[in-house]
Amino acid sequence: MPLIEESSYRPPWWLKNKHLSTIIPSIFRKVEGVSYVRERMNTPDQDFIDLDWLRLGNNRLILLLHGLEGGSDRGYMKGVAKYFHQKDWDVVAYNCRGCSGEQNLQPRLYHHGDTDDVNQVVSHVNAHNKYHEVVMIGFSMGGSLILNYLGNQKHAIPCNIKAAVTFSVPCDLKATALELSEKGNGFYRKRFLKKLSAKIRQKAVQYPDLVNADGVEEIDSFYEFESKFTAPIHGFKDADDFYHQASAKNYLKNISVPTLIVNAANDPMFSSASYPIEEVRNLDNVFLEMPKYGGHVGFAKSSLSINWMEDRAMEFVNDIF
């Protein structure tokens, strides 16, 4: 049962190409009618994390986590927020450090295995609210964060976290970094690295004695970027140590709440290692669904204003409750 053999996703005829199904929803999807209320959560290390809320005063909550260099304003985040809010859920969108439109204060940023910050957000939300049911929904890196948080056993998982849904999760980070180095993926690689390099330059201004941004513009691979910046800034020995510790597939066996992973078979950023088929085969709580199409955080319908991910997340949640 952990391997879901059939998927309900059917793309429009013009969105079967892996690149188009990734890029078109990302660029052209517009979600109107989402008016977040921002809460700034101060962290113990004298930094902050911004949480964007849609409240109804209900006792159930959707906690949303965005992808690499995303934020609560991305179409996929606003789409799910609006969908669940209209169905009487409170929603909070968690912006990773430096992803809410304002640079964070500490030298560190965020990464796929940053479960300490996820734990702080969950603890903060539970300390100030009385939610009986919390469902975590994450996209790409946000999915990594959820799977790592639920599975690595570093933190005690509160009993009100009842389920999780993740889309387009790079379950093996080194394999994904290598796939992004392929010639056909230059668009994605350059786009991500350009944004990350800008943040490193900002950190070098904030902390000139700690961060050296020389040559950051010339970096053309994730492995090099993570060797030079991600690993040392966040306390890993090197890029390989980071990849090992932050790859979600290593922790799936420990997840104790019903969790869905949806990775499209034509995701342009993934190699076979990003589909944890063997890891989930004998698990009770982790389900892997691999639609033939969908790209990376794509899964568009004929109208780009709505998306299959919202339907699938709600379907899984309804099955749990």
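The model is predicted: local features need pLDDT of at least 70, side-chain atom pairs count only at pLDDT 80 or more, and totals for chains, interfaces and linings use all residues. Residues are numbered from 1 along each chain as its sequence is written, and side-chain values use heavy atoms, with hydrogens and water left out.

Begin by selecting residues 75-86, which form helix α2. Helices (H or I, at least four residues) and strands (E, at least two) are DSSP runs, numbered from the N terminus.

Next, colour the buried residues of α2: G75, Y76, M77, K78, G79, V80, A81, Y83 and F84. Buried means under 20% relative accessible area, exposed over 50%, and partly exposed in between (1.4 Å probe, protein chains only). Because nine of its twelve residues are buried, α2 is largely enclosed by the rest of the structure.

Now display the elements against which these buried residues pack: β3 (48-54), β4 (60-65), β5 (90-94), β6 (133-139) and α10 (308-320). Contact means heavy atoms within 4.5 Å.

Move on to backbone angles. Most residues other than glycine have a negative phi. Just after α2, select D88, whose phi is positive, about 75°.

Then go to S140, in the loop between β6 and α4 (141-151). S140 is not a glycine, yet its phi is positive, about 55°. This residue is buried, with a relative accessible area of 11%.

Finish at F299, in the loop between β9 (286-289) and α10. F299 also takes a positive phi of about 55° without being a glycine, and its relative accessible area is 0%, hence buried.

Terms used:
The expected span of a helix is 1.5 Å times one less than its number of residues.
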